[in-house]
Amino acid sequence: MRKRIEIDAVSQLVTADANLRLDQLEAWLRKRGYSLGRLPFRNWQRQRHRQLRQQATLRKALETGSAGGTDGAGEICLSLEIESPHGRIQTKRVPGSATGPDFKKIFIGSHGRYGKILSATLRIVRLPERRLTVKARWVQPVKSRKFLKRLAASGIRCSSLQFQDRVALSFQIEGMKGLVAAEVKTAKRMIRQSGGKWIDG
Amino acid sequence: MKLLKHLEKILGDRVAADPVNRALYCRDMMTGTTLELKAGHPPLLPDLVCWPETTEEISEILKFASHHLVPVIPFGGGSGVSGGTLPLTGGIILDLKKMNRVEGIKGPARRDNGAFFTVTAQCGILGQHLEDRLNEQGFTLGHFPSSILCATLGGYLAARSAGQLSSRYGKIEDMVEDLEAVLADGTMVRFGGRIKKLPHIRPVDLLVGAEGTLGVISRARLKIHPSPPAVRYRGVTFAKLPAALTATREIMQAGLRPSVVRLYDPLDSLLLQYGYEDKKKASKFPFKTIKDNFLKTLLLYPDLPQRLLGLLPTDCLLIFGFVGEADLIEAQEKAALDICRRRIARDAGAEPGLHWLKHRYSISFKMPELFEQGYFVDTIEVAATWDRLLPLYTGLRRILQKFALVLAHFSHAYPEGCSIYFTVIGHTGSKEKDCRIWRQLWRGAMERCLKLGGTISHHHGIGVLKAEWLPRELGGAMPFFKEIKKKLDPAGIMNPGKMGL
């Protein structure tokens, strides 16, 4: 049976059958110039067992993910269709609301306790024109912490932030070419001003 | 009275049952209540008002109330506009404003998309006071609703509010990490804790947005941000609304993350232009020069004049803003301007944005003046994904302008959609008719919104005002909501009569 995938290019959303594998969905989107983004389903991306990684379905990722935080499947999930003991539930396909608790957050991470996820509408992004990795090192942890605080207020959209030994960090910046260049330039300046050293490569 | 005596044992002199205090807490800012009171309808009064100072005191009050089946209504600033704190069946108003401490700031904690910081605060703190305390330490919550001067953190969380910079910082539910609450039977749920009857659901996911129907939120931990070093604002005008909406969508989908995005429809743009372009022009502003009687006559038949105004070649004004490092936000602003120019826009400079920034809170405080002059005013906030947004705007405008003058702007933009904020100003000449027309206007708007796939509330909440339509909004989730309510509040004492529960 064909699994449903529908794209809404105007709203940049994809609605997909929950039985679809994540890698299948991502491949389908990439053929059309889109992506799920930073893949907040990173628990599955980090899965060492290749087979398990490749077999992760959208349902599994949502039912075992968390609704909040940057690791959360909830971060990119706009709405869900669920088969519950009360019948079929279709949470509203709207960007934001104030209509009681956000019920999709209750179903995400519930391990199927309150119902089976049948399909999900997810936010998608255009494939980035450019992706760069920023690496830097400081002598003292206090200076790297100051940089982190400044980074949080800077407007730079970073992802995959990693820290080593409290004095070295790396993060990725991706998006439109011109914007990425501006963000990298700003990041370099901030690193220099905070007493850090930009690491090439 | 037994209730008063028991609460005095818990709270001392922080309880009141006198007529003045009871009258003060008979309402929030819902327009319908104002109209009914002006028409001489008697107010709904609570039995008494109390001011707890700790989570433990709230627990004692709720234990007593649930045992004696006394309704309890949590109350913050009373700035809600959906009747969320109306004491429909009397009971105890739990005014939380004495719980107003900021308890500490922590961070940075490192996450995938950068460092973040948190603040823990009691939920009775006024929004502006919280923001002031954070600013002193070099931080911001990033939450700036127009009610910031008279709304509390608890009220924000109860209603799932949105601030004017939500496009950058998110809604309140995106900011809250964890909370402490008291359930109907007095059980305290601490940070990191779980509710015994629903152990697999995070309390924060249940209680945020529940408008006090499932428990009382007493403290919260929220993400905060270092104050940005620089801000920039820009105004751009478009000849046609569809082109302006497309440009707005493209800005959001380019990954630009502006802090502010506000697109005014043609009529709202026309009125705004007189406000900021020139003080002399402002004094010639139609509402100042046209006599009051003429405007009121016009509002008796609002549809035709607005259809005619809609034929005028009036520009739409888009305001956007960025916060962050000065050189970066200059580049982001340029990228946004380039997107707008591709849709044939005229650069109006920084002035429109700066004017909005200066007056963004004062507009709400002009409403009482209009009520005094015999008008009624209300706001309707809906939202939809981009594919449904223009039909939603057109459909709602068409129905609302049959009843009142309609101004509208698009704000709280997301990559996948946007909210529409309608302001309606009406006049019928009769106080009873004002009440009737107001109810018809809301009925028409809610029915049309549901039909066109929008949400009936983006950030004002449901209360009593929209309760009738919540089952259709939630669909299959409504029975689930009712089941949760039965589990957590079997006696039905928590804010009864709200949200269709």
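Guide: Buried means under 20% relative accessible area, exposed means over 50%, and partly exposed is in between (1.4 Å probe, protein chains only). This is a predicted model, in which local features need pLDDT of at least 70 and side-chain atom pairs count only at pLDDT 80 or more, while totals for chains, interfaces and linings use all residues. Residues are numbered from 1 along each chain as its sequence is written, chains are lettered from A and ligands numbered from 1 in the order in which they are written, and side-chain values use heavy atoms, with hydrogens and water left out.

Visitor: What percentage of the residues in chain A is buried?
Guide: Chain A has seven helices and 11 strands, where helices (H or I, at least four residues) and strands (E, at least two) are DSSP runs numbered from the N terminus. Of its 201 residues, the buried share is 54%.

Visitor: Which residues does A:A187 contact beyond its neighbours within four places in sequence?
Guide: A:A187 sits in helix α7 (residues 177-193) of chain A. This residue counts as buried because its relative accessible area is 0%. Contact means heavy atoms within 4.5 Å, and by that rule the partners of A:A187, its neighbours within four places aside, are A:F147, A:I156 and A:F171.

Visitor: How far apart are the C-alpha atoms of A:A187 and A:F147?
Guide: Along the chain, A:A187 and A:F147 are 40 residues apart.

Visitor: What is the phi of A:S160?
Guide: Most residues other than glycine have a negative phi. A:S160, in strand β9 (residues 158-164) of chain A, is partly exposed because its relative accessibility is 27%. It is not a glycine, yet its phi is positive, at about 50°.

Visitor: Where does A:H111 lie?
Guide: A:H111 is a residue other than glycine with a positive phi, near 55°. In chain A, its place is the loop between α5 (103-107) and β6 (116-123).

Visitor: What is omega for the peptide bond that joins B:G107 and B:P108?
Guide: Most peptide bonds are trans. B:P108 belongs to strand β5 (residues 102-111) of chain B. The bond joining B:G107 and B:P108 is cis, with omega at about 5°.

Visitor: Is B:S82 buried or exposed?
Guide: B:S82 lies in the chain B loop between β3 (72-75) and β4 (92-95). Beyond residues up to four places away in sequence, it touches several residues, among them B:D28, B:M30 and B:H460. Because its relative accessible area is 4%, B:S82 is buried.

Visitor: Which side chain makes a polar contact with the side chain of B:R14?
Guide: A polar contact is a pair of N or O atoms within 3.5 Å; within protein, one must be able to donate a hydrogen and the other to accept it, and residues adjacent in sequence count only if both atoms are side-chain atoms. B:R14, in the loop between α1 (2-11) and β1 (15-16) of chain B, counts as buried because its relative accessibility is 13%. A polar atom of its side chain lies 2.9 Å from the backbone oxygen of B:W51. The side chain that B:R14 meets in a polar contact, at 2.9 Å, is that of B:E57.

Visitor: Over which residues of chain B is the pLDDT below 50?
Guide: pLDDT is the predictor's confidence in each residue, from 0 to 100. Chain B averages 93, and 95% of the residues score at least 70. The stretch with pLDDT below 50, which has 12 contacts in the model beyond near neighbours in sequence, is residues 276-285.

Visitor: About how much area do chain B and chain A bury between them?
Guide: Buried area is the accessible area (1.4 Å probe) that two parts lose on being put together, summed over both. The contact takes 75 residues from chain B and 55 residues from chain A. Carbon and sulfur atoms carry 58% of the buried area, which is about 5,500 Å².

Visitor: Which helix gives the largest share of the side of chain B that touches chain A?
Guide: The two chains share six salt bridges, each a side-chain nitrogen of Lys or Arg within 4 Å of a carboxyl oxygen of Asp or Glu. A:R150 and B:E325 form a salt bridge at 3.1 Å, N to O. On the side of chain B that touches chain A, the largest share, six residues, comes from helix α22 (residues 477-488).
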